[in-house]
Amino acid sequence: MAESAFTSTASTASTASTSAACQGRRLHIVLDLDHTLVNASEHELSLHHPRDASARQLHSFVMQNTENGASPRYLLGLRDGLHAFLQQLEQLATLHVYTMGSKSYAFQVVEIIDPQHKLIFGRILTRSDGHESFIKELVHILPDAAERRG
C-alpha cells in the first residue's frame with residue numbers, strides 16, 4: 001500500500017515537473033528522512049542483521065562521532081517502494097533531505113538509501129546546520145528564493 005502512495009506522489013510531481021520544464025526550471029523536492037522515508041530506532045539488537053533483513057529492507061549501523069561521544073546502535077527500516085519512488089522523483093527534480101537528526105546520522109542514513117550517490121544530489125539539512133534550521137523553509141535550500149519573495 002505504501003508503494004501506491006509513493007507512486008501517486010511521483011505522478012503528481014511529474015505533472016508539476018512538466019509545468020516547471022516548460023518554464024525552464026528544475027523542481028526542488030525536500031524529503032524528510034525520519035518517519036517518511038525511513039524508520040530508525042536506537043536498539044541494542046541492531047548489532048546483528050535480522051535474519052529477514054533483505055526482505056524487510058532493514059539495516060543496522062553504529063553512529064560514530066556523536067555530539068556526546070557515545071556510539072549508539074541503530075536499526076533502520078526503509079519504506080516499501082522507497083528506491084523506485086526516489087528513482088522516479090530524481091528524474092523530475094533535485095532531491096534534498098531534511099532531518100532533525102544530527103549531520104552524522106543524516107549522512108549515514110543517506111549512504112544506506114543511496115549508496116551509489118545517484119539519487120540525492122541536493123543539500124542534506126540537519127539540526128546542526130544552525131541558522132534557524134528548525135524552521136522548515138525553502139530558503140535553507142534555495143537562499144535566493146527569499147529575495148524573490150520580497
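# Strands, helices and a core

User: Which residue in strand 5 does L27 stand opposite?
Analyst: L27 stands opposite A93. Bear in mind that this is a predicted model.

User: Which helix packs on the sheet there, and which strands is it touching?
Analyst: Helix 3, residues 82-92, packs on the sheet. It touches strand 1 and strand 5. The direction of helix 3 makes about 125° with that of strand 5.

User: Back up a bit. How many helices and strands are there in the protein?
Analyst: The protein has five helices and six strands. Starting at the N terminus, the elements run α-β-β-α-β-β-α-β-α-β-α.

User: OK, so what is the order of the open sheet with parallel pairing?
Analyst: That sheet has three strands in the order 1-5-6. Strand 1 and strand 6 stand at the edges, each with a single partner strand, so one side of each has no neighbour in the sheet.

User: How many bridges pair strand 1 and strand 5?
Analyst: Six bridges, in the parallel sense. Strand 1 covers residues 27-32. Within this pairing, H28 has T94 of strand 5 as its bridge partner.

User: And how many bridges join strand 5 to strand 6?
Analyst: Two, and these strands also run parallel. Strand 6 is residues 124-125. Look at V97: it stands opposite I124 in strand 6.

User: What does the chain cross through from strand 5 to strand 6?
Analyst: It goes through helix 4, residues 103-113. This makes a β-α-β crossover, and it is right-handed.

User: Is strand 5 buried or exposed?
Analyst: Six of the six residues of strand 5, residues 93-98, are buried. So the strand is largely enclosed by the rest of the structure.

User: What about the other sheet? What is the order of the strands with antiparallel pairing?
Analyst: The order is 2-4-3, in an open sheet of three strands. Strand 2 and strand 3 are the edge strands, and each pairs on one side only. Strand 3 is residues 58-62. On average, neighbouring strands here are turned by 20° against each other, ignoring direction.

User: How many bridges are there between strand 2 and strand 4?
Analyst: Five, in the antiparallel sense. For instance, V38 has L78 in strand 4 as its bridge partner.

User: Which helix packs on that sheet?
Analyst: Helix 4 does, touching strand 2, strand 3 and strand 4. The direction of helix 4 makes about 145° with that of strand 3.

User: Now the inside. How many residues has the largest nonpolar core?
Analyst: It has 26 residues. Those with the most contacts inside the core are L31, V38, F61, L86, V109 and I113. At least two core residues come from each of strand 1, strand 4, helix 3, strand 5 and helix 4. Helix 4 gives the largest share, with six residues.

User: Take V109. What is V109 in contact with, leaving aside its neighbours within four places in sequence?
Analyst: V109 is in contact with L33, V38, F61 and L76.

User: How much of the whole protein is buried?
Analyst: Of its 150 residues, 37% count as buried.

User: What share of contacts between residues at least 6 apart in sequence join residues at least 24 apart?
Analyst: That share is 69%.

User: Switching to loops. Where is H35 found?
Analyst: H35 sits in the loop between strand 1 and strand 2. It is exposed, with a relative accessible area of 59%. Its phi is near 65°, a positive value in a residue other than glycine.

User: Where does F121 lie?
Analyst: F121 lies in the loop between helix 4 and strand 6. It is exposed, with a relative accessible area of 58%.

User: And which residues is F121 in contact with, leaving aside neighbours within four places in sequence?
Analyst: F121 is in contact with E90, T94 and L95. F121 and E90 are 31 residues apart along the chain, and their C-alpha atoms are separated by 8.7 Å.

Note on methods:
Residues are numbered from 1 along each chain as its sequence is written. This is a predicted model: local features need pLDDT of at least 70, side-chain atom pairs count only at pLDDT 80 or more; totals for chains, interfaces and linings use all residues. Side-chain values use heavy atoms; hydrogens and water are left out. Buried means under 20% relative accessible area, exposed over 50%, partly exposed in between (1.4 Å probe, protein chains only). Helices (H or I, at least four residues) and strands (E, at least two) are DSSP runs, numbered from the N terminus. Two strands pair if DSSP finds at least two bridges between them. A crossover is right-handed if, with the strands pointing away from the viewer, the path from the first strand over the helix to the second runs clockwise. Contact means heavy atoms within 4.5 Å. Axes are lines fitted to C-alpha atoms, for helices over the stretch in contact, and angles run from 0 to 180 degrees between N-to-C directions. A nonpolar core is a set of buried Ala, Val, Leu, Ile, Met, Phe, Trp, Tyr and Cys residues joined through side-chain atoms within 4.5 Å.
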